Amino acid sequence: MQVDFNAPYKNRVQQALNDPNLRVAVSKATDRMTDARLASMDAVEGQKLRSQVRQMKQHVLRNWPDYLQQLESNLTRNGCTVHWAEETEDAQNIVRDIALQNSAKLVVKSKSMATEEIHLNHALEEVGLRVVETDLGEYIIQLADEPPSHIVAPVIHKRLEEIAEVFQDKLDMPPTREPTKMTSLARARLRQEFFAAGMGISGCNFAIAETGAICIVTNEGNGRMVSSMPRVYVVVMGIEKLVPTVEDAFLQLQALCRSATGQNLTVYCSMTSGPRQEGDVDGPEQVHVVLLDNGRSRMLARGYGEALLCIRCGACLNACPVYQEIGGHAYGSTYNGPIGAVITPALAPEISRFKELPHATSLCGACREACPVKIDLPRLLLDLRSDLVQENASPKTEAWGIKSYASLMSSRRMYESLGKMASIGSNLYAGMSGGNIKFMPPPLNGWTAYRDFAPFAPKSFRQWWKERSKLRGQT
Ligand code: SF4
């Protein structure tokens, strides 16, 4: 079942919860990735690695303009063309112009969340270009006409049977449930696309400021094909994806691979330091690097700079009980899970555009425990909720409820009287329903839709304590 992206947030969540296949597929995969991460982090000094990566990323953020300048001058020295894109449209126009100037008709892409963020495929298709995703997961969801539902595992929401149906429908594959046969077919088709493509596009896992090298990590080698086979290679890179030195790059690489898939190292780590030089037998003739802001500076200015430390490993999604239940599409945003619930509103021109997302969490803290950069995601989510209240963007009923609760809690007499009334009322109601309360009128039915409501205790703690003390002969 596909989530209706135009439906309101609550309906999307309900649709996801009604789909038992989705829950099975997502929980199975996220549990597997979490086990692999824990084992891989245990094999090294995981806590030490996390602290080192955090310190390095914090240092980058404190010296952000300097490292960006250093990167730009080293990229230029290496022969790359650097473009700065402030917002989505700027980045779309830059990449579109490069494609049109080079008469590219077919574009091959390696998996990239930054290009998803700016809806680049759509922008290129609008001017007649054909865009082909070459990461296997991305290829499948492109065939299925769906967006990714996980930062590193875009097709996590689909079971093998559903993927097989996509292959039969879109690639005319004879019915099979054998993954090796399906991947062989995808491999053969994609190879033709690599040979025919006029332009390759990738994101960037990190760029090294001191050398001007762009690094992409993949398990399928498609990133290397995208960056080396077409005549023109374009990198779209969020401006926070920086590391100062080669040593820092390997530090981050270790944390990324171990946290994302539980691998000690991914199968491929490709570094591009510029276009083909005289005497080189292969490589692109042009390399363009688009440095994408798109709200990142805004995010820092708003006080959400800590989220810029994110290395997009997806570990917080795998650990999140909410994500495990509803998957990625119900969030309705490019980035989902706990980090998506933070950066989607924080990157947007108005936080209130995504006002439901800071509430899409149980605040259990599992994401903070999983994060290799120790980002305090629960605190950032609470900060966003607080900002929404300041902007008067939280629901009126919620604001009214909190105000009433505050005035109630500041009057002991009122608190005790209401406590007594709630106890008498709920126990009467529970008695009539034969135990726990199974239905309450709106808006409280949101609770009883999924669980029973236990009646209030017949006596308050204060009353119980008084009686107990009396029995024991104390005052
Ligand atoms: S917030 Fe942390 S755990 Fe989540 S994707 Fe970013 S780095 Fe990974």
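Asp-172 sits in the loop between α9 (160-171) and α10 (179-196); helices (H or I, at least four residues) and strands (E, at least two) are DSSP runs numbered from the N terminus. The model is predicted, with local features needing pLDDT of at least 70, side-chain atom pairs counting only at pLDDT 80 or more, and totals for chains, interfaces and linings using all residues. Residues are numbered from 1 along each chain as its sequence is written, and side-chain values use heavy atoms, without hydrogens and water.

Phi of Asp-172 is positive, near 55°, in a residue other than glycine. Asn-294, in the loop between β10 (286-292) and α13 (296-301), also has a positive phi, near 50°. Asp-172 is exposed because its relative accessibility is 67%, whereas Asn-294, at 9%, is buried (buried is under 20% relative accessible area, exposed over 50%, partly exposed in between; 1.4 Å probe, protein chains only).

There are 3 cavities of 30 Å³ or more. A cavity is a set of points on a 1 Å grid over the protein atoms alone where a 1.4 Å probe fits but cannot get out, and lining residues have an atom within 4 Å of a point. Points are joined across faces, edges and corners, and volume is the space filled by probe spheres set on them.

| Cavity | Volume | Lining |
|---|---|---|
| Largest | About 100 Å³ | 14 residues |

Cys-310, Cys-313, Cys-316, Cys-371 and Pro-372 lie nearest the centre of the largest cavity.

Key: On a 1 Å grid over the protein atoms alone, a cavity is a set of points where a 1.4 Å probe fits but cannot get out, and a pocket is an open set with protein on both sides within 12 Å along at least five of seven lines; lining residues have an atom within 4 Å of a point.
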